[in-house]
Amino acid sequence: MKWKTLDKFSEESGMTKESIRALKKKGIWREKLHWAKAENGRIFINVIAVERWIEGKPA
């Protein structure tokens, strides 16, 4: 699955929600690439893009 909720991604990856929010706030994770906000306000994480970021590969 390409997109996971913030809660599910945090649980499965071991990253805290706070650390994910910090990456978003600092602009390290870019909106519409690494994360997106749905119309209902929920945050979703693009697992594939984040894996590429972790591996140091271009987006």
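Me: What radius of gyration would a compact globule with 59 residues have, and what does the chain have?

Reply: This is a predicted model. A compact globule with 59 residues would have a radius of gyration near 10 Å, and the chain has 11 Å, so the two agree. Along the principal axes, the C-alpha atoms fill a box of roughly 30 × 25 × 20 Å.

Me: How many helices and strands does the chain have, and in what order do the elements run?

Reply: There are three helices and three strands. Read from the N terminus, the order is β-α-α-β-β-α.

Me: What share of the contacts joins residues 24 or more positions apart?

Reply: Counting contacts with a separation of 6 or more, 43% are between residues 24 or more positions apart.

Me: What percentage of the residues is buried, and how much accessible surface does the chain have?

Reply: Buried residues are 31% of the 59. The accessible surface comes to about 4200 Å², and carbon and sulfur atoms contribute 52% of that.

Me: What describes a pair of aromatic rings?

Reply: Two values do: the distance of the centres and the angle of the planes. In this structure the count comes to two aromatic pairs. Phenylalanine 9 and tryptophan 29 have ring centres 6.1 Å apart and planes at 75 degrees; an angle over 60 degrees counts as edge-to-face, so this pair is edge-to-face.

Me: Where in the chain do phenylalanine 9 and tryptophan 29 lie?

Reply: Phenylalanine 9 is in helix H1 (residues 6-13), while tryptophan 29 is in the loop between helix H2 (17-25) and strand E2 (35-37), so their pair ties together parts that are 20 residues apart in sequence. Buried means under 20% relative accessible area. Phenylalanine 9, at 7% relative accessibility, therefore counts as buried. Tryptophan 29 has a relative accessible area of 1%, so this residue is buried too.

Me: Which residue forms an aromatic pair with tryptophan 53, and what is the geometry?

Reply: Tryptophan 29 does; the pair is edge-to-face, with 5.6 Å from centre to centre and 85 degrees between the planes. Tryptophan 53 belongs to helix H3 (residues 47-54), and the pair links distant parts of the chain, 24 residues apart. At 34% relative accessibility, tryptophan 53 counts as partly exposed.

Me: Which residue lies over the face of tryptophan 35?

Reply: Lysine 24 does, at 4.3 Å from the ring centre.

Me: How many salt bridges does a search of the whole structure find?

Reply: Four. One of them joins the side chains of lysine 4 and glutamate 12, at 2.4 Å from N to O. Glutamate 12 also meets lysine 8 in a salt bridge, at 3.7 Å from N to O. Lys4, Lys8 and Glu12 are therefore to be read as a network of salt bridges.

Me: Which residue forms a salt bridge with glutamate 55?

Reply: Lysine 57 does, with the closest N and O atoms 3.3 Å apart. Exposed means over 50% relative accessible area. Glutamate 55 has 51%, so this residue is exposed. Lysine 57, with 43%, is partly exposed.

Conventions:
Residues numbered from 1 in each chain as written. Predicted model: local features only at pLDDT ≥ 70, side-chain atom pairs only at ≥ 80, totals over all residues. Heavy atoms only, no water. Phe/Tyr/Trp six-rings, centres within 6.5 Å; stacked < 30°, edge-to-face > 60°. Helix = DSSP H or I, 4+ residues; strand = E, 2+ residues; numbered from the N terminus. Buried < 20%, exposed > 50% of the residue type's maximum accessible area, 1.4 Å probe, protein only. Lys NZ or Arg CZ within 6 Å of the ring centre and 35° of its normal. Rg over C-alpha atoms; globule rule 2.2 N^0.38 Å. Contact = heavy atoms within 4.5 Å. Areas by Shrake-Rupley, 256 points an atom, 1.4 Å probe, with all protein chains shown as cover.
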